[in-house]
Amino acid sequence: MLHLDYRDARPIYEQVKDGLRRLLVTGAIQAGEKLPSVRSMASQLAINPNTIQRAYEALEQEGYLRSVPGKGSFAVPGSGVGGQRRDRLLIQFDTLASELVFLGVPRDTLAARVAQGGTEHD
């Protein structure tokens, strides 16, 4: 499910958060699906449960998860993701697209990648 790289400079909770976000965005974790409990995931990854809790809380703040007391954490449909997160990503997208155009990547190439859902890799 998740892979942690202990040589990565990012904190473990960020790796967990980013890995879970990737699974949510790609549909590997479906909207409404219950995520593993904090304790279960911590045991699977052999890390402190507080690390998992921190990642879950961050994803909940971003709008990717919804916690139900006594029941667990559940994936939220993409439309439920907060507008602030979407706005930040659009700013990053604009910055990267501008730089790619500056570096000579044709606009139609960028548009084709967007149309394919950004899954094309060279």
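1. Buried means under 20% relative accessible area, exposed means over 50%, and partly exposed lies in between, using a 1.4 Å probe and protein chains only. With these cut-offs, the buried residues of helix 1 are Tyr13, Gln15, Val16, Lys17, Gly19, Leu20, Arg21, Leu23 and Leu24. Helices (H or I, at least four residues) and strands (E, at least two) are DSSP runs, numbered from the N terminus.

2. A note on the source. The model is predicted: local features need pLDDT of at least 70 and side-chain atom pairs count only at pLDDT 80 or more, while totals for chains, interfaces and linings use all residues. Residues are numbered from 1 along each chain as its sequence is written, and side-chain values use heavy atoms, with hydrogens and water left out.

3. The overall layout. The protein has 5 helices and 2 strands, arranged along the sequence as α-α-α-β-β-α-α. Its C-alpha atoms fill a box of roughly 50 × 35 × 20 Å along the principal axes. Of its 122 residues, 28% count as buried. Contact means heavy atoms within 4.5 Å. Among contacts with a separation of 6 or more, 44% are made by residues 24 or more positions apart.

4. Helix 1. The expected span of a helix is 1.5 Å times one less than its number of residues. Helix 1 has 15 residues and should therefore span 21 Å, which agrees with the 21 Å between its end C-alpha atoms. After helix 1 comes Gly27, with a positive phi near 90°.

5. Is Gln15 buried or exposed? Gln15 is buried, because its relative accessible area is 5%. Apart from neighbours within four places in sequence, Gln15 is in contact with His3, Leu4, Asp5, Asp8 and Arg10. Ile12 also belongs to helix 1, which covers residues 12-26. Ile12 counts as partly exposed because its relative accessibility is 21%. With neighbours within four places again set aside, Ile12 is in contact with Leu4, Tyr6, Ile47 and Thr51. The C-alpha atoms of Ile12 and Pro77 are separated by 25 Å, and the two residues are 65 apart along the chain.

6. Ala46 lies in the loop between helix 2 (38-45) and helix 3. Although Ala46 is not a glycine, its phi is positive, about 55°. Ala46 counts as exposed because its relative accessibility is 66%.

7. Helix 3. This helix (residues 49-62) has 14 residues and reaches 20 Å from its first C-alpha to its last, close to the 20 Å expected. Which residues of helix 3 are buried? They are Thr51, Ile52, Ala55, Tyr56, Ala58, Leu59 and Glu62. These residues cover an arc of only 160° around the axis, so they are on the same side of helix 3. The arc is that of the directions from the helix axis to the C-beta atoms. On the other side of helix 3, Asn50 and Gln61 are exposed.

8. The ends of helix 3. At its start, a side-chain oxygen of Asn48 comes within 2.7 Å of the backbone nitrogen of Asn50. Gly63 follows helix 3 and has a positive phi near 95°.

9. Rings. The charged end of Arg54 sits over the ring of Tyr13, 3.8 Å from its centre. For this, NZ of Lys or CZ of Arg must be within 6 Å of the ring centre and within 35 degrees of the ring normal.

Key
Polar contact = N/O pair within 3.5 Å; in protein donor to acceptor, adjacent residues only side chain to side chain.
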